[in-house]
Amino acid sequence: MASRTSPVLDTRALNRATLARQLLLSRAEMSPEDAVAHLLGLQAQNVKPPYFQLHARLAGFRPEELARLMEERKVVRMVTMRSTIHTHTVRDALVLRPLVQGARDREVNYFRKGLVGVDLERLARRARAFVEAEPRTMGEIREDLLLEWPSADPQSLAVAARCLLPLVQVTPRGVWGRSGQVRLTTLESWTGAREEEGEGEGEGIDDVVLRYLGAFGPASVKDMQTWAGLTRLREAFERLRPRLVTFRDENGVELFDLPDAPRPDAGTPAPPRFLPEFDNLLLSHADRSRVIPPEAKGRSWTGNQAHRTLLVDGFLAGLWRIDDTGDTGDTGERPRLTVELFGTQTRARKDEIAAEGEALLTGMGGAPGPVRFGSIHG
């Protein structure tokens, strides 16, 4: 619990502070590469979400800008936080992958029954040599490892390789307007960068804590642990306490923050924003009430499928989908955006939502089509 002398930040104050860090109160005049770094990466379980995330956050963003960074190997897609795929700058990939390596090692332990008799160091060496010869699919990696360990579980072998090595998905996978099978090689082989380059920047766990607060704060220790998929971060926060300021949320939980980070007034206007599935805004706190009101809890998912979400006045207030041939209207047909609102909105607010939806369709490379309010399942 925080000291009773720490100021209290209510839910709206936390919301506005987080939106400001996330570049969602107003679109930032920032390059896509700088934005990817500021946000500590973009959730990229699917191919298109990183592009939609940047459209919601950057002024004048065009999908080809991020696509170019991927093709120039300045940003990469790889497994990092929470054992999920993220788009990172190369520098952050060098920093963050080692940070979460302990969690990836523990993940391998869940598959040890299928790895009886397998020398994991030898497996890592063989898999590295195989993918560095040329990028490979997971199926090819699995088949190659089975040649040496034919009695092992094939899936366990593949998981071990994925966890033990810093594997990146090579282009054209992830490039806007193109498609490609998932093929993997090591971060070093694809970019020419070495892990010690990241270490040379002096960016250990303390620096990542500070950057997390800059992108997601104010936040508790558990919030950052949720974002990273790690435990035992309390020590780093305590080490940094003299450099931080503290608050309490309405439940008395201690929140840490950077002294000079933006904390806008709770009444600051927050425009509508369309976010893709798996946006880190909704996944990076243990207590998500700063963005998800109680009445909307659980509505951004169906089973294990995440929906695309709509923020209204800074909070989750609906879902959306684009009906066309691939989100960009590339057959000449005008795409239609369907918005499902969780509650009633004023006519003025619906007009703002529609205008933002039209800007989304235009900005992502399609012709501005109609925005319809109704069920996304209809």
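These legends describe close-up views of one predicted model.

Local features need pLDDT of at least 70 and side-chain atom pairs count only at pLDDT 80 or more, while totals for chains, interfaces and linings use all residues. Residues are numbered from 1 along each chain as its sequence is written, and side-chain values use heavy atoms, with hydrogens and water left out.

**View 1. Confidence along the chain.** The average pLDDT of the protein is 93. This score is the predictor's confidence in each residue, from 0 to 100. At least 70 is reached by 94% of the residues. Residues 325–331 fall below 50. Beyond near neighbours in sequence, that stretch has 13 contacts in the model (contact: heavy atoms within 4.5 Å).

**View 2. An open sheet of five strands.** The strand order is β1-β3-β2-β4-β5, with antiparallel pairing. Strands are DSSP runs of E, at least two residues long; helices are runs of H or I, at least four; both are numbered from the N terminus. Two strands pair if DSSP finds at least two bridges between them. β1 (42–43) and β5 (184–186) stand at the edges with a single partner strand each, so one side of each has no neighbour in the sheet. Inside the sheet, β2 (residues 75–79) and β3 (residues 85–89) run antiparallel, joined by five bridges. V75 has T89 in β3 as its bridge partner.

**View 3. Strand β13 and its two partners.** β13 (residues 336–341) pairs with β12 (residues 315–323) in the antiparallel sense, over six bridges. Here I322 is opposite L337. β13 also pairs with β14 (residues 371–373), this time in the parallel sense and over three bridges. V339 has F373 in β14 as its bridge partner. Together with helix α15 (residues 347–363), β13 and β14 make a right-handed β-α-β unit. Right-handed means that, with the strands pointing away from the viewer, the path from the first strand over the helix to the second runs clockwise.

**View 4. The largest nonpolar core.** This core has 32 residues. Such a core is a set of buried Ala, Val, Leu, Ile, Met, Phe, Trp, Tyr and Cys residues joined through side-chain atoms within 4.5 Å. Buried means under 20% relative accessible area, exposed over 50%, and partly exposed in between (1.4 Å probe, protein chains only). Y51, L54, F274, L337 and L360 have the most contacts inside the core. Elements giving two or more residues include α3 (49–57), β11 (308–312), β13 and α15. Leaving aside neighbours within four places in sequence, the contacts of L337 include F274, W320, L360 and V371.

**View 5. Helix α9 and its cover.** In α9 (residues 154–164), the buried residues include S156, L157, V159 and C163. Their cover includes α5 (90–99), α7 (120–133), α8 (138–148) and β4 (167–169).

**View 6. Aromatic pairs.** The whole structure holds nine aromatic pairs. Rings of Phe, Tyr and Trp (its six-membered ring) pair if their centres lie within 6.5 Å; planes under 30 degrees apart are stacked, over 60 edge-to-face, and the rest tilted. The ring centres of F52 and W176 are 6.1 Å apart and the planes are at 75°, so this pair is edge-to-face. F52 lies in helix α3 and W176 in the loop between β4 and β5, so the pair ties together parts 124 residues apart in sequence. Both F52 and W176 are buried. The pair of F237 and F256 is tilted, at 5.1 Å centre to centre and 55° between the planes. F237 is in helix α14 (residues 234–240) and F256 in strand β7 (residues 254–257).
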